[in-house]
Amino acid sequence: MTQLGMVIDVERCYGCRACMEACKVENSTPRGAFWMHVFRYEEGEHPDTSQINMPRPCQHCSEPSCASACPTGARFKREDDGIVLTDYDRCIGCRYCEIGCPYGVNYAQFQDPEEAQYGHGAGGSAGDDMFGDDSAGSVSDELGEEDPGTGKPPWHDPIHDQEFEPRGTRMSGPQPEGVMGKCTFCVHRQDADDRDEQGTTACAQTCPVDAIKFGDLEDPDSEPRRHLREKNSTSTFKLLEDRGTEPNVIYVGNEPGEDARAIESAETFKDPEEAIEAEQNPPESRSTNVEVDQ
Amino acid sequence: MSTPSMPDDLLTEPLEETGTAYYVLVGVAVLAVIGMVYSFVTMLTQGHAVTALDNWGTSGGVPWGLDIGAFSWWAAMGVGAIALSAIVRVFEMDDYEPYARIGELLTPLAFFASFLHVVFDLGRPGRVFNTIIYLPLESPIAWDVILLGGLGIVSVAYLVVSIRRDLHDLYHDGVLPSALSPVYEALLTGYDGGSPSGRGRRWWLAAAVLVFIPVVAGGLVPFVWGPFGVNINWFGAIQGPTFLAGSMTVGTATVLLIAGVLRFAYDLDDVFTDRSMRTLGVFTGALAFTYMLGVFYEIQTGTFAADMADPNVSTLVFGGSLAPLLWLAIAAVVVPTIYLVLQQATGRFSLAGTVVVAAVLLVGVLHQETWLTVGGLMYPDLMYPAGEYAPSIYEWLNLVGTTALVALGLLVFLKTLPFVSTTATDTEDSTA
């Protein structure tokens, strides 16, 4: 039996958040949705403090409470590889999975996915419509695409339009409005015909310090299991293990202590509406004009 | 107990007399329902982004709010109203027969309002019946759907069975609107006027309801699923008894409120007597007290919160921005409780006072249910920001709309069905 999972080396991670960016590009998630998130926190008392960074994908639990909570079976655990997926065609958007999950990895799509995308509404001022319509100066034109304006915006990767097993329904990429979405362990890669794609995720592939090891946790020769053996003198932990969810993301390093405190404030995580407003009307404090004394 | 004896014209007055106030109430209710439709259409076309809801975690939101609080409240009202009615029928408390009728008429409307709030809250309301089509039987929620849906169906059957005798009499007396004759004929199919021996279907249905309700109200589901380990923290412990006490509180308070309004509108002092209203009031107060105890236990143990909550969630909610709202909710339950109990203790009665405190009590429980839902989702255990939530205008429109819809339903029933019971003893009605 296969159980895909991750070993994340917290001792290696330096908080560059390239994994978050890679996930966004790969899965075209909208503003405000971070299928991969990096907790950046501080421990200890001044001056003896340390900063730790802990990436947080979906834990793809062996006993997923989100799936237990789902009243339609839209959230389910795929038997073949243990990935926890959302059936976009069945989900009713009740958000029970989000309530049932203790990890905060679920995102309801509260508005039209296109309107929630980065750059939406940015056209006009510079003439660069981010959504590839037929207007002059569109991104499609800039990129020299042969068939611009096909109705698919640049952020829309057709790979996510495919239907996935075992149900033959949509389960990857940005979810439709009113539906739940979360990290899929890049299921489109796992199911790809290209064998080089299989067994990889965007976040693991992008990590500059190779802190994220992805593979079959049941296979002793898999990369994550090998990494665990290599660092067998280092402590490991799983997030909120006491909840009985049996997560399949194993962290190498010290578990966040009682005094761990997030470095970012709530303001860091702007909601999509605020982000759109900030993009369109940047505050003066963001001005890049610098006067240089000659 | 004795059978209340009322002049027929008094009991049929609501069917025959229609004053200006009735039309004003209908007009206001229709306007509020239109507001609700506007809100729903807006949410359908623009998404839930127009509401104050957002994802917890990195978005720092709260994913459930007023609609879920209102859903719980209406479901509680349906459960409580039908339970009250069943108690009256099973124990043959004839003096309270008119209250039982109100409960029967209220129950299907309350369940419908509850269902509407679920629909409003769904990201994909058009897929609401996926819960039936794909019902995952291993999910405890699926069983809640089955049991609550079952109770909804039973409530309609119970309503039909219990009004048939009165309906038969009024229909043949020509009191009911002739335009609805096909409906009345359908409702009276197979009814032969009743025979005076044995316990009728109504009694047995009422008894079934009384057995069924503790199961629905959080009893069996947590008992069976609790040992399975994985849960979402809301199944078991004190939740079941608290919901049952809250249901009875909301159900009886609403019946009390409606009875008070009917008594005022149609001078039904001999139907809804000082004594019976006072007694029902103290019953409501006792249930409200039990509900509050359950709520305190939930808060004390932190079980009101979802599984994602900080272990110190109880301290956080008491010390956080929601604390004043908590105390307001407690006051809105406790003050009416004291008033209703004092009425009984002193032997005094005020119709206006009873109606007002019943309304305050209802708002208090709604407030409490919403507060418990939101508060339990505000403080994550992991290092996310605390959630923020204040209901949007659309969520308020939904709530006002469902309240108006239930009121409108009751106003329609008032003119089309035997709203004030003309019968008392169930033993006379074996074939109803």
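**Surface and interior of the model**

Tutor: Keeping in mind that this is a predicted model, the accessible surface of chain A comes to about 13700 Å², and 44% of that belongs to carbon and sulfur atoms.

Student: And how much of chain A counts as buried?

Tutor: Of its 294 residues, 53% count as buried.

Student: What does the secondary structure of chain A come to?

Tutor: Chain A has eight helices and eleven strands, and among its contacts with a separation of 6 or more, 62% are accounted for by residues 24 or more positions apart.

Student: Okay, A204(A) now: where does it lie, and is it buried or exposed?

Tutor: A204(A) lies in helix α6 of chain A, which covers residues 202-206, and it counts as buried because its relative accessible area is 12%, under the 20% cut-off.

Student: Which residues does it touch, leaving out those up to four places away in sequence?

Tutor: With those set aside, A204(A) touches I212(A) and F214(A). As for Q51(A), 153 residues apart from A204(A) along the chain, the two C-alpha atoms are separated by 22 Å.

Student: Switching to chain B, which residues form the nonpolar patch on the surface?

Tutor: The patch is formed by F112(B), F115(B), F129(B), I132(B), I133(B) and Y134(B), which together have about 610 Å² of accessible area. The elements giving two or more residues to this patch are α4 (97-121) and α5 (130-133) of chain B.

Student: Why does I133(B) count as exposed?

Tutor: I133(B), which has its place in helix α5 of chain B, counts as exposed because its relative accessibility is 58%, over the 50% cut-off.

Notes: Residues numbered from 1 in each chain as written. Chains lettered and ligands numbered in written order. Predicted model: local features only at pLDDT ≥ 70, side-chain atom pairs only at ≥ 80, totals over all residues. Heavy atoms only, no water. Helix = DSSP H or I, 4+ residues; strand = E, 2+ residues; numbered from the N terminus. Buried < 20%, exposed > 50% of the residue type's maximum accessible area, 1.4 Å probe, protein only. Contact = heavy atoms within 4.5 Å. Areas by Shrake-Rupley, 256 points an atom, 1.4 Å probe, with all protein chains shown as cover. Patch = residues over 30% accessible without salt bridge, like charges linked within 9 Å, V, L, I, M, F, W, Y side chains within 5 Å. Salt bridge = Lys/Arg side-chain N within 4 Å of Asp/Glu carboxyl O.
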